[in-house]
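Please have the structure open while I talk.

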Amino acid sequence: MSNTPMAANPLTRAVLEIDEYASGLGWDQPARLFALVDTARLRAQEPALASQLGLAEAQAPSGFTPIEQEEIPAGKPLDEFLGTIAWPDAVVGCALTVERLMLPPSAEAAVPEGLSEAGLAKWVAEHPGRQEVRMTVAVLRDGTRDSALRLREKDSPTEVLTGGDLVPGLAEALSATFEE
């Protein structure tokens with residue numbers, strides 16, 4: 001994508017490309033799952049598909065091409081859904097973009113005890129310090145990971161935070177999809 005900043009790391013570039021794609025769809029979107037394939041291998045083994053994806057043109061041969069998967073079933077908890085995934089060998093990694101509400105660390109001490117999951121979700125949704133965030137997390141088979149966070153109130157490509165350990169729980173869940 002033309003507006004994706006050039007990052008030194010190919011995985012960071014893929015994460016930012018997915019973040020840009022999700023940003024173009026707007027907020028209040030369902031979670032989206034992507035397979036990551038090696039771009040050079042895709043061009044060599046599937047030239048027609050690479051051409052269809054706009055990858056046949058002169059472009060850096062290294063890197064990863066994100067391929068969006070079927071929609072995640074509505075109403076199924078994300079962790080349960082991820083537990084059902086098995087990737088073919090051609091998939092070198094995967095990524096997920098999901099929107100969530102986050103609270104500042106100071107709110108943790110104020111969480112009422114004994115709330116059900118639904119009650120906690122309601123409490124977070126009504127908290128005055130809540131922030132809407134879009135998280136894009138990617139992992140490779142070898143354990144490499146990267147992620148991007150975008151706050152709704154600072155919805156700009158220049159305000160996207162990246163790093164490998166921003167969403168460790170989600171990265172672990174995605175890594176588990178490659179375990180046999």
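On a 1 Å grid over the protein atoms alone, a cavity is a set of points where a 1.4 Å probe fits but cannot get out, and lining residues have an atom within 4 Å of a point. This is a predicted model, in which local features need pLDDT of at least 70 and side-chain atom pairs count only at pLDDT 80 or more, while totals for chains, interfaces and linings use all residues. Residues are numbered from 1 along each chain as its sequence is written, and side-chain values use heavy atoms, with hydrogens and water left out.

Searching the whole structure gives one cavity of 30 Å³ or more, and the largest cavity has a volume of about 60 Å³, a volume being the space filled by probe spheres set on the points, which are joined across faces, edges and corners. Its lining includes Ala-22, Leu-25, Gly-26 and Arg-134. Helix H1 (10-25) and strand S3 (91-102) each supply at least two lining residues, and the largest share, three residues, comes from S3; helices (H or I, at least four residues) and strands (E, at least two) are DSSP runs, numbered from the N terminus.

Turning to H1, Asn-9 caps its N-terminal end, with a side-chain oxygen 2.6 Å from the backbone nitrogen of Leu-11.

Conventions
On a 1 Å grid over the protein atoms alone, a cavity is a set of points where a 1.4 Å probe fits but cannot get out, and a pocket is an open set with protein on both sides within 12 Å along at least five of seven lines; lining residues have an atom within 4 Å of a point. A polar contact is a pair of N or O atoms within 3.5 Å; within protein, one must be able to donate a hydrogen and the other to accept it, and residues adjacent in sequence count only if both atoms are side-chain atoms.
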